[in-house]
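I have the model open next to my notebook, and here is what I looked up as I went. Come along if you like.

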Amino acid sequence: MIPASFEYTRASSVGEAVRMLAAGGEDAKVLAGGHSLLPLMKLRMATPSLLVDVGRVRELSYVRDAGDSLAVGALTRHFDLSRDELVARHAPLLAAVAGQIGDPQVRHRGTIGGSIAHGDPASDLPAACLALGASFVAVGPSGERRIAAADFFTGFLETALAPGELLVEIVVPKATGAGWSFQKFNRRAQDWAIVGCAVVRDGSTRVALVNMGASPLRSPGAEQALAAGASVAEAAERACDGLEPPSDLNASAEYRRHLASVLVTRALAEAGGAPGQEASP
Amino acid sequence: MMQVKLRLNGEDRQLRCEPGDTLLRALRREGCFSVRYGSDTGETGAAAVLLDGRLVSADVLLAAQADGHEVTTLESLNVATGELHPIQAAFVETGALQGGYSAGAMVLAAKALLERSPEPTDAEIRDALSGILDRETGYAKVVEAVRRAATALRGEKPGPLDPPILEPIGLEAALAIRPPADSTPDAPLALPRMVLSPDVGHTAVVGKAEPKVEGLRLAKGNAAFADDIELRAMLHAKLLTSPYAHARIVAVDDSKARALSGVHEVLHHFNTPHVRYASGGQSWPNPYPYDQVSFDDKVRYVGDRVAAVAADTPETAEEACTLIDVTYEVLPAALSASEATGDGAPVIHDETDSVGIYDAARNLSHHIEGQTVSDEALEAAFASADHVFTQSFSVPAQQHTPIEPHAVVGWLDEDERLVLRSSTQVPFHLRRMVAPLVGREVKEIRVVKPRLGGGFGSKQEMVTEDVVGLLVLATRRPVSMVFNREQEFISSRTRHAQSLTFRTGVMSDGTLVAQDLTVLADTGAYGTHGFTVQSLTGARGLSSYNCPAKRYRCDVAYTNRPVAGAFRGYGAPQAFFALESHLDDVAAAIGLDPIELRRKNWVRTGDRLDIVPRLGERGGVEDVSEEDLPVVTSCGTERCVAEGVRAIGWQRRDDPSWRQPDDRPNIRRGIGLALCMQGSGIPFVDMGACSIKMNDDASFNLLAGAADLGTGADTIFAQIAAEVLGVRASDIIVLSGDTDVTPFDKGAYASSTTYISGMAVKRAAEAARARIVERAGRLLGIEEEWVELRDRRAWAPDGHSVPLEDIALNALHTEDQEQIMGIASHWSPDSPAPFGAQFAEVEVDVETGEVTVTKLVMAVDCGVPINPLTASGQVEGGMIQSLGYGLTEEIVLDGQGRPLNAAFGPYWIFRADDTPPTEVIFVQTMEHSGPFGAKSVGEIPIDGVAPAVRNAVRNATGVAIDTLPLTPERVWRALQGR
C-alpha cells in the first residue's frame with residue numbers, strides 16, 4: 001500500500017498550475033486534498049509521474065456572491081462549504097451535502113473541485129451540483145471555458161475536463177427560497193451513499209441521483225414525469241427509467257432501483273411544491 | 001529527497017522526505033509515536049493530527065502537503081513528566097482508553113472540538129470523533145471523557161465516577177411495569193449501574209472504578225506498542241500473498257527481487273524449513289491438525305503466504321515483493337463449506353505430512369459429536385413432544401479488525417537470543433510454538449508483549465512471528481513487520497462461518513424435552529482452533545437450558561477462504577444467534593411469552609451442565625457420571641432479565657401505538673431479548689502465575705505472565721494485590737507478559753484472565769502478605785493472626801499501627817533481612833459461567849429495510865466485577881462488536897475467492913456517530929471459586945446483540961430472518977416476501 005514513485009511539485013497560482021500540468025504531459029495529475037487521488041495511488045490504480053499540488057493556490061478557496069449565482073472556488077473544503085453563510089442562504093442543499101460527507105478529517109481536507117473533477121458516481125457533491133444546475137469553470141493552456149454540470153460527467157470517473165485543464169470554479173445559480181432535499185441512504189452515518197437523491201424545485205424540478213449509474217446523473221424519467229404534471233408517486237416510479245444502476249456487495253441493481261424510488265418520493269415530499277407547478281416559475 | 005518546512009508542535013522544523021512519504025511516516029520518523037498506523041487511506045483515524053488546528057488523517061496526506069503548515073500531535077500536550085493535560089486525564093479517569101492505540105487521535109479531536117465549542121452537545125462530540133474508529137470501547141466512555149474534559153477545561157469540577165446503585169427488582173414486578181408508549185430511553189450512561197448482592201463483603205480497592213495502571217503511557221501516546229521502537233539498522237519486512245484461492249507453487253524466482261538495492265532477504269517455500277504446525281496459541285500439546293508450514297508449496301486462499309522480503313525500507317520491501325516471479329499451477333477452489341464437502345470437490349489438504357486431519361479427502365478438518373442420551377432415547381423424546389420445530393441459520397465470517405494490526409519487531413540480543421516484541425495475546429505459547437519453526441530452542445527465545453491495540457482472538461494466532469524470526473536469523477538484523485489493513489482483514493483470521501440447524505421438541509407448556517443441534521462450520525484454509533471453537537458452539541448451544549435429551553453433531557470443513565480462528569466468543573455467538581432466535585420463534589409458535597418459555601427451562605444455581613464433558617471426536621453417550629458434570633455455582637439470570645426488562649421498557653413491545661408511530665408511517669418499532677452465558681477459562685487446562693515483591697517504599701512489583709490486550713487486566717491485578725496487601729492500586733507496579741521476566745501464563749483468551757490469572761495474583765499477594773504480617777506482628781508485639789493490613793499500615797486490634805514502609809525497610813536493610821515476596825500459580829477444575837440478558841430496541845424502515853438500533857441494554861452477572869469501569873467497557877465494546885455481527889459485518893469474496901471488502905468502508909464497523917446508546921447493568925453474584933467473587937466478563941457481551949436485534953426486528957415487523965448480517969437489502973427482501 002505504498003504509491004509508485006513520482007515527482008512532486010507545488011503551484012502557487014492557477015497559471016503556474018496550468019503550466020506545470022502542460023509540462024508534465026499525460027501522466028501529470030492535480031493534487032488538491034488528496035482524499036480521492038492518494039488512495040488510488042496507494043492501490044496503484046493511479047500511477048501519475050508528476051503531482052501538481054494546488055493546495056496552496058489560495059486564490060481558489062472562496063465563496064463569492066456573483067449576482068444571480070454563487071461562485072465557489074474549487075479548493076473550498078467541504079467543512080468550509082458546510083458552514084458558509086452565503087451557501088447556507090442561497091444554496092442550502094450544497095451546505096447540507098457537504099456537511100454529511102465522510103468524517104471530519106475528510107471534510108477538512110476534501111475540496112469541492114476535487115470531488116467534482118474525480119467524477120465518482122458514488123459522490124454526493126456532483127449530484128448536488130447537477131440538482132442545482134451548476135456549471136464548472138475550467139482553465140487550460142488555451143484559456144478558460146465553462147461547462148454545464150449536465151454535460152460534465154461523461155462516464156465512470158470520466159469528465160469533460162481535457163488533459164491539462166484545471167477546474168477552478170463552481171458556479172451555482174442562487175436557489176434562494178427554492179425547495180430542496182438531499183436523501184442519502186447508507187449503512188453508517190456520513191458514509192458513502194448506497195443510493196442518494198438530491199432535488200431542487202425552483203419552478204422546474206431537477207432530480208439527481210447518487211450511485212445509480214456509471215457517472216453522477218439526473219433522473220430523466222422523474223424530471224419528465226414531473227414536468228408533465230405527474231404525481232410524486234408516478235415520478236418516483238419512473239425515477240430509474242433508462243438507468244443502469246450497479247450491483248455490488250452493498251446492494252443489487254434491483255434494490256437500488258427500489259431505494260431510488262423511495263428516496264425520490266421522500267426528496268420530492270421534503271422539497272415541497274405540488275405537481276402542476278412545474279411550468280410556472 | 002525534498003525538504004518539508006513546517007511548524008511541528010510549536011517548533012519550526014525541516015524534514016527530509018521522499019515525495020511519496022505520508023505525513024504519518026514523516027511524523028513517526030520524528031519520534032511522534034502517538035500518530036499510528038491503522039489503515040492506508042484514513043479510514044481508521046488512528047493517524048489523525050491537527051493541521052492548522054483542524055483534524056486530518058496523516059496517512060492520507062503527503063508530508064509535502066503539510067509544508068508551510070502547523071502540525072500538532074498529541075506530544076504537544078506532554079509538557080511535564082508524569083502529568084496529564086486535563087483532556088488526557090479525563091480519558092484515563094473515564095476508562096475511555098482500552099487498548100489506547102488511537103488515544104492521540106481522540107485527544108486531539110477532543111482538543112480541536114473544545115477549542116471551538118467549550119460546551120459541546122453529545123451529537124457534536126460524536127461527530128468530532130466520527131472519523132476515529134474504536135473497536136474496543138463502544139464509544140460511550142470516549143464521549144463521557146470529552147464531556148468531562150469540557151467540564152474541567154471550563155474550570156468546573158466534574159462529578160464523581162461512582163457507578164449508581166439500583167434497588168433490585170423481581171421479575172414479576174418488572175414484567176408488571178407498563179411504560180407509557182412515548183417514554184424515551186434513558187440518557188446513555190458511561191457508567192454501569194450496579195445491583196449489589198448481600199453475599200459480597202466490603203472491599204477497599206476491589207470493586208472500585210480505579211483508573212487503568214497504564215493510563216499515563218496510553219494517554220500521552222508514549223512508545224508503548226510493538227511497532228513503537230526503532231532499532232539501529234532495522235529492516236522492514238513485507239509479505240507477498242497469494243492472488244489465487246487454490247494453487248500449487250511450482251517455482252519461485254527471487255533473483256530480480258534480490259537484485260533490488262536495499263533488499264536483504266527473500267524467503268519462500270524453496271529456501272525455508274518445512275515444519276508442520278498449528279498456528280493457534282493454545283496449551284501444549286497444541287490441538288490438531290498440524291496442517292501449516294511457514295511457506296508451503298501450495299496456497300489455499302487468496303491472501304495465503306507466498307514469500308517474505310526484508311529490506312531497508314518498507315517501500316523497497318514492497319517493491320521487491322512485486323519482483324518475485326512465482327509460477328503457480330492454479331487448482332479448482334471450493335469457496336463454501338457445502339461445496340467443499342460435496343462430491344468432486346478439490347482436496348485442499350492433499351499433502352501427506354499433515355498431522356491429525358479428520359478426513360482430508362472429504363475436506364473435513366474435524367468432526368465433533370456429543371449427546372446426553374442415545375440416538376433412540378433422543379428420538380423417543382422427540383416423539384413424546386407436543387411440538388417439534390426445525391429451523392436453520394447461517395452466520396458469516398466476521399473479522400476482528402483490531403485498529404492496531406498484527407505487528408512484531410524481532411532482533412538478536414547481545415547473547416544472540418531471538419527477541420520478539422509482538423502484539424500477541426499468548427507470549428508463552430508463542431515462545432514454545434515459534435521455536436521449532438525458526439530452528440531454535442525455547443530457551444533461545446524471548447517474547448515481549450507490549451501494549452496491544454485490540455486483539456479479540458486474532459492475536460492468539462501466530463501469523464507473523466515465525467516469518468520475522470526467520471528473517472532476523474537470516475539477516476542478523478532487527479526486522480519489523482506490520483500487517484497492512486488488507487492483510488489484517490484477509491491474512492490474519494476471521495470468525496468461523498457456520499450453518500446451524502436446531503431441532504427442538506417442546507411441550508405445550510414450554511418445557512423442553514429434546515434438543516438436537518447440527519452444524520457445518522467453515523474453518524477456511526487451515527484448521528486452527530477448528531475443534532475447540534466448534535466444540536464450544538455445541539457447549540453453548542446446549543447448556544443454557546435444561547433438557548433431558550440433547551445431541552450435537554458438527555462437521556468442520558476446509559474451504560479456500562481466509563482462515564477462521566479464535567474470535568471473542570469462540571463459537572458461542574454462532575450458537576446463541578441460532579438458539580435465541582429459534583427459541584423466540586418457538587415461543588411465538590406455541591403462543592408463549594418469550595421470557596416465559598426461557599424461564600421454564602433456563603439453568604439455575606445447582607443445575608448441572610450435561611453436554612460439556614461429552615463433546616469429543618468420538619461422540620456417543622460417554623460414560624460421564626453425574627457428579628463429574630460441571631455444576632452452575634452462581635447464576636443471576638433471572639435477576640438480569642428483571643433488570644433488563646425494567647431498563648428497556650419491555651412491555652412497550654406489545655403496545656401498538658408505540659410499535660407503529662402515527663407520525664412516521666414507514667417505521668415499525670420492536671424490542672428483542674437474548675440470553676447468554678460464557679465460561680471463565682478452560683477447566684483443568686488454563687494456568688496463570690504471578691510473583692510479587694515488596695520495595696523500600698512499600699510499593700510492589702507485580703510480575704504476571706498474563707497478557708493484557710487492552711481489557712484492563714493489569715489494572716485489576718493491581719486492585720486484587722492492593723486489596724490483599726492493604727495498599728493503593730497505584731502502589732502496585734505491574735509488568736506482564738515477558739517470557740524472560742514474568743512467570744508463565746496461558747495468555748489472554750477463553751475469558752480466563754480475571755478468573756484464573758487474577759486468582760494467581762491473589763495467591764501471590766497472600767504469600768507476600770504472610771511475610772508482612774509475620775514481621776508486623778513482631779514489630780507490633782502481637783500474634784500475627786491479629787495483624788490487619790489497610791491504608792498502607794499494619795494494625796493491631798488496639799489501634800496501634802506501623803507503616804508498611806517501615807516493615808519494608810526493616811526487612812530489606814536492618815533485621816533478619818529478607819526480600820518480602822510471594823509467587824503463586826493457579827488453575828481451576830471449574831469454569832463458572834457468567835450469565836447475561838441482552839435487550840435491543842430497534843426501528844425498522846419498512847420501505848427500505850433499514851434497521852436502526854435505538855438502544856442496547858445488557859444486564860450481566862459476572863460475579864463481582866473487580867473494576868466496574870473496565871468491566872463495563874468490556875460490555876459496551878462487546879455489544880457494539882456484536883451489533884456489527886448482527887447488522888453489517890461479513891467478509892465477502894468474489895467467485896474467484898478474492899476479497900471484495902478487505903477495507904474499512906466496504907467492511908462496515910460502527911463509529912461514534914452511529915453507535916446506539918448502551919446501558920450496562922451488573923447484577924452481582926458471589927462466585928466463591930473466583931478472586932473476590934469474580935467471574936469473567938470479556939466475552940459474554942459478544943453473544944447476545946445479534947439475536948436480540950433479530951428478535952426485535954421480528955417483534956417490529958413479524959419477519960423472521962435467520963441469516964446474518966441483517967443488511968437492509970436482506971431485510972427488505974424478507975419484508976417483500978412476508
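I began with the overall build of chain B in this predicted model. I looked up the radius of gyration for chain B and got 28 Å; a compact globule of 978 residues would come out near 30 Å, so the value agrees.

Next I took the extents: the C-alpha trace of chain B spans about 85 × 75 × 60 Å along its principal axes. I found that 66% of the 978 residues of chain B count as buried. For secondary structure, I noted 25 helices and 32 strands in chain B. I also checked contacts in chain B between residues at least 6 apart in sequence, and 79% of them join residues at least 24 apart.

Then I turned to where chain A meets chain B. I see 47 residues of chain A in contact with 55 residues of chain B. The two chains bury about 4400 Å² between them, and 54% of that is on carbon and sulfur atoms.

How many salt bridges cross this interface? I have eight by the rule. I looked at one pair, E847(B) with R266(A), where the closest N and O atoms are 2.7 Å apart. Between chain A and chain B I also logged 22 residue pairs in polar contact, with both residues at pLDDT 80 or more.

Which element gives the most to the side of chain A that touches chain B? My note says α12(A), with six residues. By class, I wrote down 20 nonpolar, eleven polar and 16 charged residues for that side of chain A.

Technical notes:
Residues numbered from 1 in each chain as written. Chains lettered and ligands numbered in written order. Predicted model: local features only at pLDDT ≥ 70, side-chain atom pairs only at ≥ 80, totals over all residues. Heavy atoms only, no water. Contact = heavy atoms within 4.5 Å. Buried area = accessible area lost by both parts, 1.4 Å probe. Salt bridge = Lys/Arg side-chain N within 4 Å of Asp/Glu carboxyl O. Polar contact = N/O pair within 3.5 Å; in protein donor to acceptor, adjacent residues only side chain to side chain. Helix = DSSP H or I, 4+ residues; strand = E, 2+ residues; numbered from the N terminus. Nonpolar A, V, L, I, M, F, W, Y, C, P; charged D, E, K, R; others polar. Rg over C-alpha atoms; globule rule 2.2 N^0.38 Å. Buried < 20%, exposed > 50% of the residue type's maximum accessible area, 1.4 Å probe, protein only.
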